[in-house]
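Please look through the model below before reading on. The paragraphs after it take one topic at a time.

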Amino acid sequence: MKTSLSRRLLAAFALVAALAAAAPAAALDIDLTQTLAATPKTAQEIAKLCERACLGNQRRSWLESAVAHADMAGSSVTVLLKLRSKHVAHGLTIYEETATVRVDADLSLAGCGITNVRATSNNDLYRALLRAFAPRIRDAVRRHGRFC
């Protein structure tokens, strides 16, 4: 995500965290899926991910869900992405697989940013790639994940 989108998104997460602090008796979940899906930059970044990771002539990626959660223990966000690899030739589907990538991150008001990013997948190849690129993901979050 680019800086302006990241800052807006992180500001929304900060609001979730602040609301949770103001109402400590109950947990608060805010579904950000439609808001993020309507942002062209989000779709572009998810499409770029698919260009690098998906295979086939009918590959596709989309945001399945994005939920910010806040309670007494803290605030976090969970994002589910779907990555479909599909190849069709002469009307026959040669292969098709849709993988889920789940990203969980904690939000810190004290540190003004995202901390403790965890990414997993139901696909063995994506799990291996996520492990291999974990340091780069953490560095990118440190550089761009500040909201105050």
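In the protein, 53% of the contacts with a separation of 6 or more are between residues 24 or more positions apart; a contact means heavy atoms within 4.5 Å. This is a predicted model, in which local features need pLDDT of at least 70 and side-chain atom pairs count only at pLDDT 80 or more, while totals for chains, interfaces and linings use all residues. Residues are numbered from 1 along each chain as its sequence is written, and side-chain values use heavy atoms, with hydrogens and water left out.

The secondary structure comes to five helices and five strands. Helices (H or I, at least four residues) and strands (E, at least two) are DSSP runs, numbered from the N terminus. Read from the N terminus, the order of elements is α-β-α-α-β-β-β-β-α-α.

How many residues does the protein have, and what percentage is buried? There are 148 residues, and buried ones make up 35% of them. Buried means under 20% relative accessible area, exposed over 50%, and partly exposed in between (1.4 Å probe, protein chains only). The protein exposes about 8,900 Å², and carbon and sulfur atoms supply 57% of that area. Such areas come from the Shrake-Rupley method with a 1.4 Å probe; for residues, only the protein chains shown count as cover.

Next comes the sheet. Strands of a sheet pair through backbone hydrogen bonds, either parallel or antiparallel. Here five strands form an open sheet in the order 1-2-3-4-5, with antiparallel pairing. Strand 1 (28-31) and strand 5 are the edge strands, each pairing on one side only. From one strand to the next, the twist averages 20°. Two strands count as paired if DSSP finds at least two bridges between them.

The pairs can be followed in order. Strand 1 and strand 2 run antiparallel and are joined by four bridges. Leu 28 has Ala 70 in strand 2 as its bridge partner, and Asp 31 has Val 67 in strand 2. Strand 2 and strand 3 are also antiparallel, with eleven bridges joining them. Across this pair, His 69 stands opposite Ser 76 in strand 3. Two residues make the link in the hairpin that joins strand 2 to strand 3.

At the other end of the order, strand 4 (residues 92-108) and strand 5 (residues 113-121) pair in the antiparallel sense over seven bridges. Val 101 stands opposite Ser 121 in strand 5. These two strands form a hairpin with four residues between them, and Cys 112 in the turn has a positive phi of about 60°. Most residues other than glycine have a negative phi. Another positive value belongs to His 90, which is not a glycine and has a phi of about 55°. His 90 is in the loop between strand 3 and strand 4. Is His 90 buried or exposed? His 90 counts as exposed because its relative accessible area is 85%.

Now consider the core. A nonpolar core is a set of buried Ala, Val, Leu, Ile, Met, Phe, Trp, Tyr and Cys residues joined through side-chain atoms within 4.5 Å. The largest one has 18 residues, of which Leu 63, Ala 66, Val 79, Leu 81, Leu 83, Val 101 and Tyr 126 touch the most other members. Two or more residues each come from helix 3 (40-53), strand 2 (60-71), strand 3 (74-89), strand 4 and helix 4 (124-132). Strand 3 gives the most, with four residues. Leaving aside neighbours within four places in sequence, Leu 83 has contacts that include Leu 49, Cys 50, Val 101 and Tyr 126.

Ser 85 lies in strand 3 and counts as buried because its relative accessibility is 11%. The side chain of Ser 85 reaches the backbone nitrogen of Leu 55 at 3.0 Å. Not counting residues up to four places away in sequence, Ser 85 touches Ala 53, Cys 54, Leu 55, Tyr 95, Glu 96, Glu 97 and Tyr 126. Thr 98 is in strand 4 and is partly exposed, with a relative accessible area of 33%. Among its contacts, leaving aside neighbours within four places in sequence, are Trp 62, Leu 83 and Asn 122. Thr 98 and Asn 122 are 24 residues apart in sequence, and their C-alpha atoms are 9.4 Å apart in space.

How values were computed:
A polar contact is a pair of N or O atoms within 3.5 Å; within protein, one must be able to donate a hydrogen and the other to accept it, and residues adjacent in sequence count only if both atoms are side-chain atoms. Axes are lines fitted to C-alpha atoms, for helices over the stretch in contact, and angles run from 0 to 180 degrees between N-to-C directions.
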